[in-house]
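Reader: I would like to learn how to read a model like this one. Please take me through it feature by feature.

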Amino acid sequence: MKKTAALFLLSVGVNCMTAQDIVPVHEFDIDIPKVGSPIQSTMYGIFFEDINFGADGGLYAELIKNRSFEFENPWGGWEPFGDVSIAEKNPCFNKNPHYAHLTYAGQITGTGLENEGFKGIGIKADENYDFSLYARTETNNPIKLRIELVNRDNDIYETQHLEIKGKDWKKYSVILSPKATEAKSRLRITMETAGTLDLEHISLFPEKTFNNRTNGLRRDLAQALKDLKPGIFRFPGGCIVEGTTIATRYQWKNTVGPVENRPINISRWNYTFPHKKFPDYYQSYGLGFFEYFQLSEDIGAEPLPVLNCGLSCQFENEGMDQHVPVDKLQPYIDDALDLIEFANGPVTSQWGKVRADMGHPASFNLKFIAIGNEQWGPLYPERLEPFVKAIRAKYPEIKIIGSSGPDSEGKDFEYLWPEMKRLKVDLVDEHFYRSPEWFLNSAKRYDSYDRQGPKVFAGEYACHPTNRENSFLTALCEAAFMTGLERNADVVELCTYAPLFAHVDAWQWRPDLIWFDNLNIVKTPNYYVQQLYGHNAGTNVLPLTMNKEPVTGQSELFATAALDKGTNELIIKIVNTGIQSKKIQLNLNGISSGKHKGKLMVLHASDLEAKNTLGKPETVIPIESAVELEAPATEVSVQPLSFLVYRI
Ligand code: AHR
């Protein structure tokens, strides 16, 4: 570990020094006329995986868990009372055949169902919630149902009624408007009249979803994504692409079409960590590939789907022959080709029609596809090769992304990079969940990369301290590291922090970018680093040096500069990981002398362990102020432990 990094890391809890302690002036030379490599508009993006209850119970706004009674335990999430059973004869939806069969057991016993939601159902006073179910009854007389939002103490927040009539499955709906705000309410359905009935696909959505879409997304979480201004949007994983077995891999075709008939899949995060088991973790696929493409469009990000390459999770299947033989890959290759057709094909094509029938006749204009997630060894390139051939032949305009495995360096990484070059993929996906020291020492990582080979997609990264918590320390290390991504924008074209979301009561993996409970959201300091980069990407790299070298940790400083050709603004990013203020003379070479107005955004905390929490979500947030930088030179003072973005 470098001495500077050690000093920085040892400084946890040390109070910062005062302005009087400011030490010698450092000179940054910024050559504004020497406009360098383009920074792709896709450079800073997001990576979504359904981990930590990121989809069901998170971004996907459905509030009912196991709405179709399809969990391995069909009562998962439900508490039935009275005469209730699970049936599957003459189902309403053939791919989700189970339903609840209820017979009135009298007023005293009562008959009905209660759903616990995802660690509760979050409701807000005076907001509307769309309740719906499918039902039929054998009974000649109509059956009255009472629909309530309640809590464990039997406080009732809302009551409505539905009347079920007829022997055929029909959809019924009613609006619920609770009188109180409650993070952990429950939904209760009670039979009020005698008879027998069947209930299926019981659903509750907030009326206010992101962009007011039906089958929509939680507004605050989707808005937080949009607010990052992401250029690229990787989906749906992560390990869930691979599945623990081939049978449990992510299959995009199961995630499109009517939401009621999308077959569910167990989440591998249900059982991956023995100390964190979540037997109620399944993927309803309500947030499927259509919703993903639509969200990408809504937030202005290019979609980047990742598909299974015929390998199930290699961590879980070491030494076992669980994988698809190379000569049996055609259905997997077809899945990739069909996905491109689903995204871009004309409405007259088979999959383009499915997209159009779902409400989006226009193309989603897909430009990227990744094949394989964290794969390694010869098993991977021998499978990737036929995918590359088939995609190139049919869709030569699509950029293909291959994997360099789960490690940021080492044997598997060294093996796969040349293989990716041999296969001529457009980009190589690199993953690094590494220590603060690694992040600081790796700000130079891409300075020496091959400029002729495939480009880099830093597809999963996050700074992992020993306690695996989000903190200002991790955010600052990421900000420092990212100066190296930006300076090397001729090599690195995309990068996405991972994972994106975590439910505070149901997480498996941390750190994560955004935390939430059933009502509120917490943007971590790491989120603000991503946001500052996303909003201040610029269009071209500008040379920024100190003593003729890129600034990659000398005197605990990291820096990069960019030009935004669209707005004709100069953007300078500086990270000070030291515990002393730094005086920096900014030599702004090549712009008119005199004062240039602009703004300065600063992310700072004096405590490296500072965190944003549900109780204190704004402990570490960027502070913006107006500035004037004078050309040809201005001296600025950079406070300790801070990430600064100048924009003039
Ligand atoms: O982001 C969490 C996991 O980390 C991803 O599923 C996997 O790709 C990586 O190992």
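This is a predicted model: local features need pLDDT of at least 70, side-chain atom pairs count only at pLDDT 80 or more; totals for chains, interfaces and linings use all residues.

Reader: What secondary structure does the protein chain have?
Author: Helices (H or I, at least four residues) and strands (E, at least two) are DSSP runs, numbered from the N terminus. The protein chain has 10 helices and 34 strands. Its radius of gyration is 27 Å, close to the 26 Å that the globule rule gives for 648 residues, so the chain is as compact as a globular protein of that length. The radius is taken over C-alpha atoms, and the rule is 2.2 Å times the number of residues to the power 0.38. Along the principal axes, the C-alpha trace spans about 90 × 55 × 45 Å.

Reader: What percentage of the residues count as buried?
Author: Buried means under 20% relative accessible area, exposed over 50%, partly exposed in between (1.4 Å probe, protein chains only). Of the 648 residues, 60% count as buried.

Reader: Is Thr-109 buried or exposed?
Author: Thr-109 is exposed, at 53% relative accessible area. It sits in the loop between β5 (99–103) and β6 (112–115). For contacts, look for heavy atoms within 4.5 Å. Leaving aside neighbours within four places in sequence, Thr-109 contacts Phe-81 and Gly-82.

Reader: And Pro-406, buried or exposed?
Author: Pro-406 is buried, with a relative accessible area of 15%. Its loop runs between β19 (399–403) and α7 (411–422). Not counting residues up to four places away in sequence, Pro-406 touches Phe-315, Glu-374, Gln-375, Trp-376 and His-431. Pro-406 and Asn-373 are 33 residues apart in sequence, yet 8.4 Å apart in space, C-alpha to C-alpha.

Reader: Which polar atoms lie by its oxygen atoms?
Author: Look for pairs of N or O atoms within 3.5 Å. A polar side-chain atom of Glu-460 lies 2.7 Å from a ligand oxygen. A polar backbone atom of Cys-239 is 2.8 Å from an oxygen of the ligand. For a side-chain N or O atom of Asn-373, the distance to a ligand oxygen is 2.9 Å. The protein covers 96% of the 280 Å² of accessible area that the ligand has on its own.

Reader: Where are the cis peptide bonds?
Author: One joins Arg-510 and Pro-511, with omega about 0 degrees. Pro-511 is in the loop between β23 (501–503) and β24 (514–516). Another runs from Ala-631 to Pro-632, with omega near 10 degrees.

Reader: What is the phi of Phe-53?
Author: Phe-53 has a positive phi of about 55 degrees, although it is not a glycine. At 3% relative accessibility, Phe-53 counts as buried.

Key
Residues are numbered from 1 along each chain as its sequence is written. Side-chain values use heavy atoms; hydrogens and water are left out. A polar contact is a pair of N or O atoms within 3.5 Å; within protein, one must be able to donate a hydrogen and the other to accept it, and residues adjacent in sequence count only if both atoms are side-chain atoms. Accessible areas come from the Shrake-Rupley method with a 1.4 Å probe; for residues, only the protein chains shown count as cover.
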